[in-house]
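Subject: Handing over the structure

Hello,

Here is the structure I promised to pass on to you.

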Amino acid sequence: MSEPTPIPATKTVLISGGSRGLGLDLVRGALDGGAKVATFARTVTPELEQLAKERPDDVFVGSVDATDEKAVRAFIKDAAAHLGPIDSLINNAAIGQDSLHVHTSPERIADIIGTNLTAPLLLTRAFLRHAMAKVGRGRIVMVTSICAQRGYSGLVAYSATKGGLDSAMRALAREMHGRFLVNSIAPGFFASEMSSVLGTEQLSTITRRTPTGRLVEPANVTPLVKSLLFDDTNLNGQVIVVDGGGSI
Ligand SMILES: NC(=O)c1ccc[n+]([C@@H]2O[C@H](COP(=O)([O-])OP(=O)(O)OC[C@H]3O[C@@H](n4cnc5c(N)ncnc54)[C@H](OP(=O)(O)O)[C@@H]3O)[C@@H](O)[C@H]2O)c1
């Protein structure tokens with residue numbers, strides 16, 4: 001019997017929520033690493049439009065709501081027709097929360113779970129149905145959060161979705177038998193539209209409790225995700241925490 005070989009480096013990656021924040025940095029990082037990128041968000045930002053214009057053969061963008069499963073499947077089909085088979089996935093799109101659980105409406109809880117947990121599970125399923133048939137091997141990264149491991153007030157439903165995604169990641173890594181390397185990256189708080197709801201007092205408390213004395217930045221997270229996409233790390237089924245040691 002021949003020895004199993006390492007999973008090849010990513011050639012084409014699908015990134016959800018690549019329009020701004022960490023997602024946009026991941027799009028740039030994946031391109032910089034030599035991959036083609038398909039990415040979507042509900043609104044295509046000028047930054048993303050510009051990238052697609054500059055590199056039409058390498059970037060495919062669309063305006064898609066991650067909770068619309070049919071639209072997501074159509075996007076994968078269109079992206080693959082444009083870029084070629086997609087071998088990797090980064091589940092990045094998510095919405096935040098800043099409300100005590102007792103004050104969060106049932107509709108808002110359903111929205112958070114729909115966008116942050118159900119949608120990535122369905123996107124992963126649609127991606128795998130494509131990638132297993134077309135390429136057979138690849139890599140999956142879930143962008144989760146330190147909130148899945150430590151308690152933060154005002155983030156109950158959000159934390160539940162991120163913990164759910166970490167658990168799904170481990171089960172999927174087992175299910176894929178090494179054909180797809182599946183891992184999570186769990187950042188601490190970083191400045192973005194999502195975290196802009198946090199007040200300066202909350203942010204300075206988090207910074208004070210962080211041994212490195214500074215908040216995480218997308219530039220700290222992207223190199224690790226690039227490693228998961230391109231390197232022969234043999235990492236599988238793991239949650240990589242990037243939080244300056246704030247949670248230790
Ligand atoms: N910021 C933090 O402190 C922090 C900490 C730990 C983990 N994270 C995680 O890091 C990831 C990126 O967060 P970020 O701070 O960069 O957030 P962000 O700036 O708010 O960006 C979120 C991205 O997801 C997209 N998105 C949201 N809902 C969507 C939907 N229904 N369909 C399609 N796209 C959707 C957004 O575009 P549209 O709104 O146009 O759809 C945007 O592109 C998320 O998974 C987040 O949970 C963030």
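Let me start with the ligand: one of its oxygen atoms has a backbone N or O atom of F190 at 2.9 Å. That is a polar contact, meaning a pair of N or O atoms within 3.5 Å (inside the protein, one must be able to donate a hydrogen and the other to accept it, and residues adjacent in sequence count only if both atoms are side-chain atoms). The protein covers 97% of the 890 Å² of accessible area that the ligand has on its own, with areas taken from the Shrake-Rupley method and a 1.4 Å probe.

In Y158, a side-chain N or O atom is 2.5 Å from one, and a polar side-chain atom of R20 lies 3.1 Å from one.

Before you go further, please note that this is a predicted model, in which local features need pLDDT of at least 70 and side-chain atom pairs count only at pLDDT 80 or more, while totals for chains, interfaces and linings use all residues. Residues are numbered from 1 along each chain as its sequence is written, and side-chain values use heavy atoms, with hydrogens and water left out.

The ligand takes up the space of the largest pocket (more than half of its atoms lie within 2 Å of the grid points). A pocket is an open set of points on a 1 Å grid over the protein atoms alone, with protein on both sides within 12 Å along at least five of seven lines; a cavity is a set where a 1.4 Å probe fits but cannot get out, and lining residues have an atom within 4 Å of a point.

The largest pocket has a volume of about 880 Å³. Of its 39 lining residues, R20, N92, A94, I95 and M194 are closest to the centre. Helix α1 provides the largest share of this lining, three residues.

The second largest pocket comes to about 380 Å³. Its lining has 22 residues, with Y152, F189, Q202, I206 and R209 nearest the centre. By class, these are eight nonpolar, nine polar and five charged.

Finally, how many cavities of 30 Å³ or more are there in the whole structure? The search finds one. The largest cavity holds about 50 Å³ of space, and its lining includes S16, A66, N92 and T115.

Best wishes

Methods:
Points joined across faces, edges and corners; volume = space filled by probe spheres on them. Helix = DSSP H or I, 4+ residues; strand = E, 2+ residues; numbered from the N terminus. Nonpolar A, V, L, I, M, F, W, Y, C, P; charged D, E, K, R; others polar.
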